[in-house]
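Morning, everyone. Let's go through the strands of this model. Have the viewer open, please.

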Amino acid sequence: MGQFHFAVPSDSTQLLKQTLWKDAYICGIEGVPWECKNSVKGGVLSISRPVDTSGKLYLTCPTKGLGYRTLSTCSLMPQEQPHLLYLELARGSCYRAREQSSNWERAGLSLGDRFPELVARGTSQFLDAAEARSDLQECSRHALQAIATLEQAIADLGESFALQSIAYRKQREPQLGTLLAGSVIPPSPTRSALSARFQKAFNCAAVRLNWGTIESDAGRFEFEASDRTIQWCVERGIRVLAGPLIDFRKQLMPPWMYLIEDNFDSFVQSITQYTQRVVERYRGSVQLWNCAAGLNTPGPIALDDEQVMRLAVAVLQTVRRIDPNTPAIISFDQPFGEYLAKHRDGISALHFADALARSGLGMAGVGLDVRLNYSSDATLPRSALDFGQMIDRWATLGMPMLVQLTIPGGCGEDEKAMSKQSPLITGTNRLELSANQLRTAGPIVRTLLAKHVVHGIVWDGWADNEPHVQSHSGVIDSLGVPRPMLDYFERLRHELLT
């Protein structure tokens, strides 16, 4: 068994408590997290995994000026002598900033005015930390300064890439063909006082046709709310992305599912019957079917790899059989794969997608579900640069992508949310929390728009004063007041999109 130990100075114990050390993991050269067991004792963070080989540590920390960020070390060997935690994280930030900027500069990217100064200062601070490694406290102080500076440089580098890439795309496409969708739970947004702004902000609607909502009683289907939303979209010429039809989270599955959870064949039969009814009803009004989401992560029913594949194939085949002319996709949760660090039998999202893509079932693309700044069942907070690199890895499948983003703009109780994960960000200033949603989302959205392979971006949350899936995710808050995110989407739609 490979064990990694990381020393933390005594005066940083509180800072370590603020990190998400329980979610830390070791990742090998292939980029897939290993199952890890983590502990903190006597100022040492210890992480063990089943294999005794080198790897990179990924740890989510509060970073000055940026909020939470998932930092990584360079490749390290497991050893009994503890590595110096903040020194190694600073080394990783220094390497990522310098290596990526060098590659992009050779490819023709113009670096921002601030970037060279930030990298030079951050590198100097890292060298100061390295020289002071015999004094753990002093070393960590310099390393934390280096991390803050270098992560700012990485943010600046990611912004330079996004803006220049979008400008290049604009030279070739006066208006980008990227879909920008708002995700709604029917009958929303038809009854919203701000429904006209939905049309200004989004060029299509992602209509959630949740199994648990439409078939809340076994065999009885309630389509009235969904009919209203889809008809509203059709009348206004708004394209409809339907689904996910099956979202494999407990809160979104039917309450009667316990009756069939021990009989996999009955479970699959119920899902395919529901899928058939929905597709037959809305065929011709839908421009894309999102067949299923979250099958790669642990759900309310324990399934093995073969059963997960059978379930995905059954839903996809049903959609393709009934509506062969409309594209159909499968969505994958937590595309960085963090969940694999906690689940021995977890399925790698990328490998699962690759198997489906090669199956010949006619899957038209892949969906990536990204929930950020939530305390559980979510993607760990990362820079826009990290998101760009993740998209490049998924691009090796050679398929178009639809990326769904969910980022909270508030905190505390959210009575109308179906999935009530707590946001990482807390506070009492409603305006500041709303502004933080845009600060987090803006760089990521621009990075996604810079990628040709990303054909669509879905914002999972319209209004917090109406039923919605994820806590505080709306571009309208619980009081019915628009958040800055809505203004931002309207500007993007006007300036860049069709």
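Start with strand β15, residues 365-371, and strand β16, residues 401-406: they run parallel, joined by six bridges. Within that pair, Val370 sits opposite Leu405 in β16. Strands here are DSSP runs of E, at least two residues, and helices are runs of H or I, at least four residues, numbered from the N terminus. Two strands count as paired if DSSP finds at least two bridges between them.

Some ground rules. This is a predicted model: local features need pLDDT of at least 70, side-chain atom pairs count only at pLDDT 80 or more, and totals for chains, interfaces and linings use all residues. Residues are numbered from 1 along each chain as its sequence is written, and side-chain values use heavy atoms, with hydrogens and water left out.

Now zoom out. β15 and β16 belong to a closed barrel of eight strands, β8-β9-β10-β12-β14-β15-β16-β18, with parallel pairing. From one strand to the next, the twist averages 25 degrees (axes are lines fitted to C-alpha atoms, and angles run from 0 to 180 degrees between N-to-C directions).

Next, the other sheet. This one is open, with four strands in the order β3-β4-β1-β7 and mixed pairing. Which strands stand at the edges? β3 (37-41) and β7 (83-84) do; each has a single partner strand, so one side of each lacks a neighbour in the sheet. β3 pairs with β4, residues 44-49, in the antiparallel sense, over five bridges. Lys41 has Val44 in β4 as its bridge partner.

Last, the record. UniProt, in an unreviewed entry, lists residues 198-290 as "domain: GH10". Such annotations may be inferred rather than shown by experiment; positions follow the numbering used here, and feature names are shortened. Over residues 198-290, the chain is 42% helix and 14% strand. The end C-alpha atoms of that stretch are 21 Å apart.
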